[in-house]
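Please look through the structure below together with its sequence. The report that follows turns to the ligand and its surroundings, and then to individual residues.

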Amino acid sequence: AKAEGKATYRMFEPALAERMRARSQLDLDMRRALETDEFEVHYQPLVDSQTGVVTSAEALVRWRHPERGLIAPADFIPLAEETGLITQLGAWVLQTACRQASAWSTTIRIAVNLSPVQFRDDRLPEMVAGILETTGLAPSRLELEITEGVMLDDEARTLATLTKLKAIGVDLAMDDFGTGYSSLSYLRRFPFSKIKIDRSFIRLLPDDPESAAIVRAIITMGACLGMTTTVEGVETAEQYAFVAAEQCGQVQGYHVSRPLDHADFLSFLDATKMA
Ligand code: C2E
Ligand code: CA
Ligand code: CA
Ligand code: CA
């Protein structure tokens with residue numbers, strides 16, 4: 001048994017060491033990339049489900065790596081959250097999105113994702129207020145998307161931070177609603193004005209009766225609480241027709257448009273009707 005254990009150990013050791021090396025390399029790379037401006041903000045439009053008019057855009061970060069090409073957030077955000085680099089990266093995304101949006105020829109809103117890690121920094125509301133001031137973006141044009149993960153932290157502190165953000169005049173959206181640790185009482189206790197239904201509930205629409213019932217129920221609940229509901233991950237005309245008939249507020253997904261780089265997004269805006 002001893003020999004077996006040793007063999008197993010030898011088999012896994014190099015893989016683990018390699019993983020750790022890769023992680024610290026990625027960490028270094030990300031810090032360098034922030035200095036050398038390799039990150040980009042892409043924009044995905046959201047439309048009013050009833051009129052089809054563009055109401056806002058979600059800012060989504062990408063990393064244009066000199067050797068590896070365009071890297072998706074799923075491949076670097078988790079590590080940035082672990083190391084704390086997300087605080088700087090998140091501030092960079094917010095600054096860039098607010099600066100670019102303030103120069104658009106339309107006053108559609110801009111939605112920016114905040115990591116739960118950014119919420120542990122007491123200076124977050126000040127940081128947001130400072131960026132709005134320097135970029136000149138009207139606070140009413142900014143929406144901050146927050147996942148339910150943030151509610152797992154110290155509740156009083158989270159509520160205090162959300163209240164301060166709300167006081168600045170920005171809107172708060174609960175992202176990925178229905179996944180993870182959602183509790184309906186959060187919607188009552190925290191100052192969210194918008195719910196984004198997680199993509200996993202949309203995937204099997206319109207044929208799957210359970211998905212249909214859940215989506216319908218969330219939209220109705222949101223309306224009763226005075227919140228608008230966004231449905232994300234809408235990929236087909238059938239899915240769009242379903243959620244529009246259910247009177248959700250906004251629709252986001254490949255059926256409307258994929259996330260676009262800033263230049264392509266500007267062309268998209270030029271070619272479409274807007275709120
Ligand atoms: P999310 O906030 O739920 O963003 C929506 C994700 O769904 C985006 O993936 C978007 O490209 C994708 N998506 C939109 N429509 C469709 C569709 O019709 N079908 C499918 N299959 N996917 C669709 P993306 O850009 O890869 O971002 C993934 C996640 O990374 C985001 O999920 C968000 O949690 C995180 N993220 C992205 N940018 C930032 C950022 O600046 N800060 C933080 N903290 N997180 C970010
Ligand atoms: Ca989001
Ligand atoms: Ca989401
Ligand atoms: Ca998500």
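## Contacts of the ligand

Taken alone, ligand 1 exposes 800 Å², and the protein buries 83% of that, with accessible areas from the Shrake-Rupley method and a 1.4 Å probe (for residues, only the protein chains shown count as cover).

The model is predicted, so that local features need pLDDT of at least 70 and side-chain atom pairs count only at pLDDT 80 or more, while totals for chains, interfaces and linings use all residues. Residues are numbered from 1 along each chain as its sequence is written, chains are lettered from A and ligands numbered from 1 in the order in which they are written, and side-chain values use heavy atoms, with hydrogens and water left out.

An oxygen atom of ligand 1 also lies 3.2 Å from an N or O atom in the side chain of E58, and a nitrogen atom of ligand 1 is 3.2 Å from a backbone N or O atom of V61.

## The pocket and its shell

The space taken by ligand 1 is the largest pocket. A pocket is found on a 1 Å grid over the protein atoms alone, as an open set of points with protein on both sides within 12 Å along at least five of seven lines, and a molecule sits in it if more than half of its atoms lie within 2 Å of its grid points. The elements that give two or more residues to the shell around ligand 1 are β2 (54-65) and β6 (171-177), and the largest share, four residues, comes from β2; helices (H or I, at least four residues) and strands (E, at least two) are DSSP runs, numbered from the N terminus.

Of the 20 residues around ligand 1, Q44, R62, R199, E235 and Y254 come nearest, where a residue is near a molecule if one of its heavy atoms lies within 4 Å of it. By class, the shell has eight nonpolar, five polar and seven charged residues, with Ala, Val, Leu, Ile, Met, Phe, Trp, Tyr, Cys and Pro counted as nonpolar, Asp, Glu, Lys and Arg as charged, and the others, Gly among them, as polar.

## Buried and exposed residues

L132, in helix α4 (residues 124-135), is buried at a relative accessible area of 5%; buried means under 20%, exposed over 50%, and partly exposed in between (1.4 Å probe, protein chains only). The C-alpha atoms of L132 and C98, 34 residues apart along the chain, are separated by 7.0 Å.

S49 lies in the loop between β1 (39-48) and β2 and is buried, with a relative accessible area of 5%, and its side chain makes a polar contact of 2.8 Å with the side chain of Q50. E210, in helix α7 (residues 209-224), counts as exposed at 54% relative accessibility.

## Backbone features

A cis peptide bond, with omega about 0°, joins L205 and P206, and P206 lies in the loop between β7 (194-197) and α7.

D176, in strand β6, has a positive phi of about 55° although it is not a glycine, and at 25% relative accessibility D176 counts as partly exposed. Q247, in the loop between α8 (237-245) and β9 (250-251), likewise has a positive phi, near 65°, and Q247 is exposed, with a relative accessible area of 53%.

Terms used: Polar contact = N/O pair within 3.5 Å; in protein donor to acceptor, adjacent residues only side chain to side chain. 1 Å grid on protein atoms, 1.4 Å probe; cavity = no way out; pocket = protein on both sides within 12 Å on 5 of 7 lines; lining within 4 Å.
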